[in-house]
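Dear colleague,

I am passing on a structure that I would like you to look over.

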Amino acid sequence: MISWPAPFIPEVPGTGHPPQLFDTSTGAVRAVNPGPTARMYVCGITPYDATHLGHAATYVTFDVLQRALRDAGHDVVYVQNITDVDDPLLERAHRDGVDWQDLAADEIALFREDMTALGVIPPDHYVGVVESIDAVAEAVRDLLASGAAYPVDTPESEAGHDLYLDVSREPGFGSVSNWSREQMMAVFADRGGDPDRAGKRDPLDPLLWRAARDGEPSWAVEGLPAGRPGWHIECTAIALDRLGMAFDVQGGGSDLIFPHHEMSATQGVLLTGERPFARTYAHQAMVGLDGAKMSKSKGNLVLVSKLRADGVDPMAIRLALLDQHYRTEWSWTPDLLTTAQDRLDSWRAALSVNAGPPVDEVVARLRSCVADDLDTPGALRAVDRWAQECQRRGGSDAGSPGVLARTLDALLGVRV
């Protein structure tokens with residue numbers, strides 16, 4: 001799968017600090033301690049609708065993390081999947097009377113445009129489920145052979161049975177979310193699970209492989225009934241194939257903590273006999289609109305593409321996102337965009353002067369904030385103070401505006 005063009009990342013004098021992140025699995029802020037190369041996996045879109053600000057917040061957050069890791073001297077291998085075959089996509093295509101592959105292709109193309117406009121560094125591996133069928137099928141076969149997967153009768157399919165994971169086979173199940181069984185059951189059905197499916201050993205067992213049904217896409221693979229992957233196994237298979245076990249950061253929205261990241265980790269451990277699946281689990285808080293989580297299913301969306309079509313500067317959109325700490329839930333209002341545009345105008349005016357105040361302290365502060373659990377609001381305030389001083393008093397350092405502009409581009413992805 002083709003991703004999108006990589007933005008130029010300027011060099012900044014000095015070296016950044018090793019970043020720290022809040023790890024969902026331990027409930028604490030911990031140092032991310034990769035080797036020379038940091039390995040990061042962030043769950044991607046299901047392409048049945050356009051990129052909304054909740055998506056954009058997630059990908060901008062992990063873009064800043066990637067920039068912080070690079071600034072601290074690490075190479076980064078970044079993997080992102082695309083769930084380009086799944087029930088929501090098929091249902092939307094059926095509703096709209098279009099081919100599911102055409103719908104996916106159109107929305108993936110729009111997502112690429114949005115990410116390019118927002119200055120997001122593309123993944124090194126941008127991987128669709130459709131192109132990963134063989135890797136997913138191999139993982140399902142291995143789980144079946146080990147006894148960690150089992151068939152469930154499926155009369156509506158000629159293949160005869162679907163395949164499910166037996167979560168009881170992994171004693172560490174629940175260690176990513178640290179949720180109680182009651183908490184898990186409360187959301188499982190709303191987040192793609194089927195707790196009432198007859199024949200399952202446990203209501204929380206997730207689907208690994210869905211046997212072919214009439215009118216649905218399916219693949220014939222060795223050792224399995226003709227069919228298609230379940231949701232969670234795709235990310236396990238892609239992550240293991242491209243990164244291996246114990247990669248450094250698993251990222252995504254907080255609605256993926258359970259079941260998606262819990263199940264992905266459980267499957268990885270059962271497939272390899274090793275743990276952990278990921279060393280750190282970091283999650284973007286939900287973005288709301290009109291009192292509810294912004295989501296495709298609810299239709300309460302503010303679309304990046306619509307804002308861009310209305311003439312909004314993508315850097316103002318990015319600044320509005322960066323002004324919210326990634327772990328704090330927030331709701332979109334037009335005032336946030338007005339504030340971001342005013343900030344962008346102020347910065348551009350300050351950085352357009354021939355000379356300004358010294359920037360060593362503000363560059364150090366930017367690095368410190370970004371490394372401190374991605375404190376992007378604190379970083380923005382540090383730049384505000386420099387811009388205000390520059391406009392009030394001016395300065396004599398001819399190099400400072402250029403250094404700060406390059407730092408903003410490199411660390412925060414804000415092109416001024």
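Asp-87, Arg-210, Glu-216 and Arg-228 are joined to one another in a network of salt bridges. Please keep in mind that the model is a predicted one, and that the count of salt bridges in it comes to 24.

In the pair formed by Glu-156 and Arg-213, the side chains meet in a salt bridge with an N to O distance of 3.2 Å. This pair links distant parts of the chain, since Glu-156 sits in the loop between strand E6 (149-153) and strand E7 (161-165), while Arg-213 sits in the loop between strand E8 (207-211) and strand E9 (227-229), 57 residues apart. Arg-213 has a relative accessible area of 10% and is therefore buried, the limit being under 20%.

Arg-275 and Glu-170 form a salt bridge in which the closest N and O atoms are 2.6 Å apart. Because Arg-275 lies in the loop between helix H7 (257-272) and strand E11 (278-284), and Glu-170 in the loop between E7 and helix H5 (181-188), the pair ties together parts that are 105 residues apart in sequence. As for accessibility, Glu-170 counts as buried at 8%, whereas Arg-275 is exposed, with a relative accessible area of 54%.

The side chains of Asp-313 and Arg-348 also meet in a salt bridge, at 2.9 Å from N to O. Here too the pair links distant parts of the chain, with Asp-313 in the loop between helix H8 (304-309) and helix H9 (314-322) and Arg-348 in helix H10 (residues 334-351), 35 residues apart. Arg-348 is partly exposed, its relative accessible area being 29%.

The other topic is helix H5. Which residues of H5 are buried? They are Met-184, Val-187 and Phe-188, and because they cover an arc of only 105° around the axis, they lie on the same side of H5. In general terms, an α-helix has 3.6 residues a turn, so residues three or four places apart point the same way. The buried residues of H5 pack against H7, while the face turned away from the buried side of H5 carries the exposed residues Glu-182 and Ala-186.

With kind regards

Key. Residues numbered from 1 in each chain as written. Predicted model: local features only at pLDDT ≥ 70, side-chain atom pairs only at ≥ 80, totals over all residues. Heavy atoms only, no water. Salt bridge = Lys/Arg side-chain N within 4 Å of Asp/Glu carboxyl O. Helix = DSSP H or I, 4+ residues; strand = E, 2+ residues; numbered from the N terminus. Buried < 20%, exposed > 50% of the residue type's maximum accessible area, 1.4 Å probe, protein only. Arc of directions from axis to C-beta. Contact = heavy atoms within 4.5 Å.
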